[in-house]
Amino acid sequence: MHFSIFRYNPEHDDKPYMQDFRIDLESSDLMLLDVILRIKNVQDDSLTIRRSCREGICGSDAININGRNGLACVTNVRKLREPVELRPLPSFPVVRDLVVDMSRFWKQYHSIRPYLVNDEPPPEKERLQSPAERERLDGSYECIMCGCCTSQCPSSWWNPDTFVGPAGLLQAYRFISDSRDRATGERLQDLNRDPYRLFRCRTIMNCTEVCPMGLSPSRAIERIRLRMLDVEGHGGGLARHRVPTVR
Ligand code: SF4
Ligand code: SF4
Ligand code: FES
């Protein structure tokens, strides 16, 4: 198979370039990460990619594959058009080759307080939820923080320091919808404290389109907006900014 891979080592290269690799595969039923590691082991050990679990759980090998973000370890090479073009996640600063700097991504994630806030004395055993309350977390707790969505979101490209981005907003919704959390009002207010944090989302839905876990950050964003309207209806007055039409 023919691969064209983005290369850039800031210690040696003036600028990035694409390098061609051709490799014979005894089976076309391999995952892309296996092939990249084979190229690294057999042809060029300087080729750099971040990875860990090799089974779609850690989120560390997210890259851009033929123009679309995804996880190399769960992408079957047989399905890819040649030459297979591999690039680092778009819009994230490149550390080297396919490895990106995710500091800004993590900063936005931490800004939504991704943990349970509840000052009530803890019960002896655990804070219980009904099955229905637990079910409300489905579709958000499964996020593996791979960054595929935020990297492919145009609103994040232009506002990386101000727009929380789809991954962070999905996690914001995860805690807003948690029956054990006591900071819902504060969380909604925080997301509404400037017009960019949440409302910069233009409902383009690239995030939902590329999520390798099949999650829908755009739906979570829509639900946060609806929660804001709900709070407003009960005297909270949180939705200061124009609410775009939800398609
Ligand atoms: S929502 Fe999906 S694409 Fe975005 S970080 Fe989570 S798992 Fe990755
Ligand atoms: S729906 Fe919103 S968060 Fe998702 S890609 Fe579009 S602008 Fe970004
Ligand atoms: S290596 Fe962990 S998700 Fe691919």
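**Entry 1: what "buried" means here**

I count a residue as buried if 20 or more other C-beta atoms lie within 10 Å of its own, with the C-beta atoms placed from the backbone. With that cut-off in hand I turned to helix α6 and noted that 11 of its 11 residues are buried, so α6 is largely enclosed by the rest of the structure. The buried residues of α6 include Pro166, Ala167, Gly168, Leu169 and Leu170, and also Tyr173, Arg174 and Ile176. I keep in mind throughout that this is a predicted model.

**Entry 2: the whole protein**

I then stepped back and found nine helices and seven strands in the protein. Its C-alpha atoms fill a box of roughly 65 × 40 × 35 Å, taken along the principal axes, and 34% of the 247 residues count as buried. I also looked up how far along the chain the contacts reach: among those between residues at least 6 apart in sequence, 66% join residues at least 24 apart.

**Entry 3: two domains**

The domain assignment gives domain 1 (2-100) and domain 2 (103-228), and I find their C-alpha centres 29 Å apart. The contact between them takes 14 residues from domain 1 and 11 residues from domain 2. On the side of domain 1 that touches domain 2, strand β4 (residues 68-71) gives the most, with four residues. I sorted the residues of that side of domain 1 by class and noted eight nonpolar, five polar and one charged.

**Entry 4: the largest nonpolar core**

Which residues of the largest nonpolar core touch the most other members? I find that they are Leu169, Ala172, Leu198 and Ile224, out of 52 residues in this core. The elements that give two or more residues to the core are β1 (2-7), α1 (32-42), β3 (62-65), α2, α4, α6, α7 (184-191) and α9. Helix α6 supplies the largest share, seven residues, and the core draws at least three residues from each of domain 1 and domain 2. As background I note that in soluble globular proteins, nonpolar side chains tend to be buried together.

I followed two of these residues further. Leaving out residues up to four places away in sequence, Ala172 touches Ile112, Val164, Arg187, Leu191 and Ile224. Leu198 lies in the loop between α7 and α8, and it counts as buried because it has 23 C-beta neighbours inside 10 Å. With the neighbours up to four places away again set aside, Leu198 touches Val164, Leu169, Leu191, Asn192, Ile221 and Ile224. I also checked Leu198 against Met1, 197 residues away along the chain, and found their C-alpha atoms separated by 43 Å.

**Entry 5: helix α2**

In α2, which covers residues 103-111, I find Phe105, Gln108 and Tyr109 buried. These three cover an arc of only 100 degrees around the axis, which puts them on the same side of α2. An α-helix has 3.6 residues a turn, so residues three or four places apart point the same way. The buried residues of α2 pack against α4 (148-151) and α6 (166-176), whereas the face turned away from the buried side carries the exposed residues Ser103 and His110. After α2 comes Arg113, whose phi is positive, near 55 degrees.

I counted 15 residues around ligand 1, of which Cys143, Cys146, Cys149, Ala167 and Cys211 come nearest. The elements that give two or more residues to this shell are α4 and α6, and α6 gives the most, with three residues. By class, the shell around ligand 1 has 13 nonpolar and two polar residues, and no charged ones.

Around ligand 2 I counted 13 residues, and the nearest of them are Cys153, Cys201, Ile204, Cys207 and Ser218. Helices α8 (206-210) and α9 (217-233) each supply at least two residues of this shell. Which element gives the most to the shell around ligand 2? I find that α9 does, with three residues. The residues around ligand 2 divide into eight nonpolar, four polar and one charged.

Conventions:
Residues numbered from 1 in each chain as written. Chains lettered and ligands numbered in written order. Predicted model: local features only at pLDDT ≥ 70, side-chain atom pairs only at ≥ 80, totals over all residues. Near = placed C-beta within 6 Å. Nonpolar A, V, L, I, M, F, W, Y, C, P; charged D, E, K, R; others polar. Buried ≥ 20, exposed ≤ 12 C-beta atoms within 10 Å, placed from the backbone. Arc of directions from axis to C-beta. Contact = placed C-beta atoms within 7 Å. Core = buried A, V, L, I, M, F, W, Y, C linked by C-beta atoms within 7 Å. Domains from an automatic or database assignment.
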